[in-house]
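These are my notebook entries on the structure shown below. I looked up ring contacts, strand pairing and confidence, in that order.

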Amino acid sequence: MAAIESFDNIYLDLSREHGKCRFAENGLGWKPAGGGDTFTLDASNIGGAQWSRAAKGYEVKILQRNTGVIQLDGFQQEDYERLSKIFKNWYSANLENKEHSLRGWNWGKAEFGKAELTFNVQNRPAFEIPYSEISNTNLAGRNEIAVEFSVADGGKPNGQNGATPGKGRKAAAGRDQLTEMRFYIPGTTTRKEAEGGEAGSDVDEEEKNAVTLFYDTLIEKAEIGETAGDTIATFLDVLHLTPRGRFDIDMYDASFRLRGKTYDYKIQYEAIKKFMVLPKPDDTHFMLCIGLDPPLRQGQTRYPFLVMQFKQDEEVTLDLNLSEEELNGKYKDKLQPHYEQPLHQVVAYIFKGLANKKITAPAKDFTTHRQQYGIKCSIKASEGFLYCLEKAFMFVPKPATYISYEQTQSITFSRVSGAVSALSTFDITVHMKSGAGSSQFSNINREDLKALEDFFKLKGLRVKNEIDEETTLMAAALRDEAMASSDEEVVGGKADRGSADEDEESIDEDFHAESESDVAEEYDSNHESDGSGSDESDVDNAVDDEDEDMDDEEEEEEEEERPKKKKKTG
């Protein structure tokens, strides 16, 4: 047998690019065809190997002695004999021929191996999940568990003697990838059964809920719980506005964990892209907003931002769980051994030191009419606060929205017509470049209009004020309407007001000017009264006048009715 055996067109851990794989007595190596870092594995670290059918052809799965699995895909069927001799003679390991289950069943038995979780159907593996690809797990229901996979930007493995990068190295293999899998696990079992032992082998072992035991075992095997390392700092019962709930924060060397009553999340510091400290307009709370890429996932819901809320006057005394060597070496000028400050400041400083991210605060050039940084407004039906940062807008808490000024094409001030509060509030519409859509922030106090306009002009943003245009058009319309109404009164003369005009112009024939005599009779001492006879004659005259008037009215009515009658013609 030659000192070196080479195979072309081999894919390492589902990599996008194929390469050349070489086997030698002291180990194996793989180098991508397009050039790049070479992966090597020492012979002393090879604990076993399996041969099975895979995506690109046939696969050799190498089980490492410490932890982890190496997958080499792309071999031909006739390579089996050649590879079997290589592993037997050079690495003292048998190349086991393993056939997968092809029944297509979705029920079977999950077994925890040394380096991966295997789902068997009729004692044949249907699929395997390496622990290195599991980023998190949660109890999603009474008998249901969710297993989340890494969605990191990790590239191809590299290093020497099996030194591989962190979790998620297979995740960059393609655009479409599996992000979550759920298992339904009913009933009860023991830990020995869960790990593949015989049932009833230990009678004294306590039975537990099967899904809970699966959850605890997976956390331990995949090292995604507290066993991943010692906590540097812990903050208990921290209120989160997004996702909603209270979580304990455990901060580790390379990641932090949110532990809630229902869900747990493990997040790498590398995923933190933005870190903001935002004072709430109520002057009693601070919000810490953490931007994540990839976003946090909870089922089908994605959270690109974490929003925490702290009381402004809540203080804490904390000693970090770090040695003097670590503080003076790796975390020099980043962390302090002791903190005694407001809680939100301590959390911000520790995140800044561990994640090595800059803390962003609201711009000093803008304040509201109440001398605050947050503008109360809403996105659709969700109320929140809009902050103007030095380089972007930030709306919190839900839906947390970040818009950088570089992506902004123009900003429009407008007012929704027909709204009850249209005179006291206005809207802002931020239009994105390259037709990326727009975001509207509604119900902003009218008193903040001038300050926002000045700030946007200071940042060099294009601003269009439709409120002034609406006011000008409305004033012109009212002026035209007023002029039109005045012209109608002049040109048209008096309007027809019906019987009201008749009452003004008609003369009361029964009214006599001699009514002045009544005044004279009361105040004039020279007035002579005619006695009782004169009173009777006046009454008779009045009756006679009424009879004459009635006769005249009847004659007029008869004259009016006569022309209406039609004559018969022969």
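Entry on charges over rings. I worked from a predicted model, and I began with K274, whose charged end sits over the ring of Y402 at 4.7 Å from the ring centre. I then looked up K56 and found its charged end over the ring of Y11, with 4.7 Å to the centre of that ring.

Entry on aromatic pairs. My search of the whole structure returned 26 aromatic pairs. I noted F119 and F127 as a stacked pair, because their ring centres are 5.0 Å apart and their planes meet at 10°, and planes under 30 degrees apart count as stacked. I checked the burial of both partners: F119 has a relative accessible area of 9% and is buried, whereas F127, at 26% relative accessibility, counts as partly exposed. I recorded a further stacked pair in F256 and Y269, with 5.9 Å from centre to centre and 20° between the planes. I placed F256 in strand β19 (residues 255-259) and Y269 in the loop between β20 (264-268) and β21 (272-279), so this pair ties together parts that are 13 residues apart in sequence. I found F256 buried, and Y269 is buried as well. I also listed one aromatic cluster, which is formed by F7, F23, W51, Y58, F75, Y80, F87 and Y91.

Entry on β28. I asked myself which strands β28 is joined to by bridges. I found that strand β27 (residues 382-388) runs antiparallel to β28 and is joined to it by four bridges, and that strand β29 (residues 401-404) is also antiparallel to β28, again with four bridges. I read β27 and β28 as a hairpin with three residues between the strands, and β28 and β29 as a hairpin with four residues between them. I then turned to the side chains of β28 (residues 392-396), a strand that is mostly covered, with five of its five residues buried. I saw that A392, M394 and V396 point one way from the strand, and that F393 and F395 point the other way.

Entry on β31. Is β31 joined to its partners in the parallel or the antiparallel sense? I found that strand β30 (residues 408-414) and β31 run antiparallel and are joined by six bridges, and that β31 and strand β32 (residues 438-445) also pair in the antiparallel sense over six bridges. I wrote down S410 as standing opposite H431 in β31, and T429 as standing opposite Q440 in β32. I noted that β31 and β32 form a hairpin with five residues between them, and that S434 in the turn has a positive phi of about 60°. I counted seven of the eight residues of β31 (residues 425-432) as buried, so this strand is largely enclosed by the rest of the structure.

Entry on confidence. I noted an average pLDDT of 78 for the protein, with 72% of the residues scoring at least 70. I marked residues 417-421, where pLDDT stays under 50 and the model has zero contacts beyond four places in sequence. I also marked residues 487-507, where the pLDDT is below 50 and the stretch has four contacts in the model beyond near neighbours in sequence.

How values were computed
Residues numbered from 1 in each chain as written. Predicted model: local features only at pLDDT ≥ 70, side-chain atom pairs only at ≥ 80, totals over all residues. Heavy atoms only, no water. Buried < 20%, exposed > 50% of the residue type's maximum accessible area, 1.4 Å probe, protein only. Helix = DSSP H or I, 4+ residues; strand = E, 2+ residues; numbered from the N terminus. Pairing = 2+ DSSP bridges. pLDDT = per-residue confidence, 0-100. Contact = heavy atoms within 4.5 Å. Phe/Tyr/Trp six-rings, centres within 6.5 Å; stacked < 30°, edge-to-face > 60°. Lys NZ or Arg CZ within 6 Å of the ring centre and 35° of its normal.
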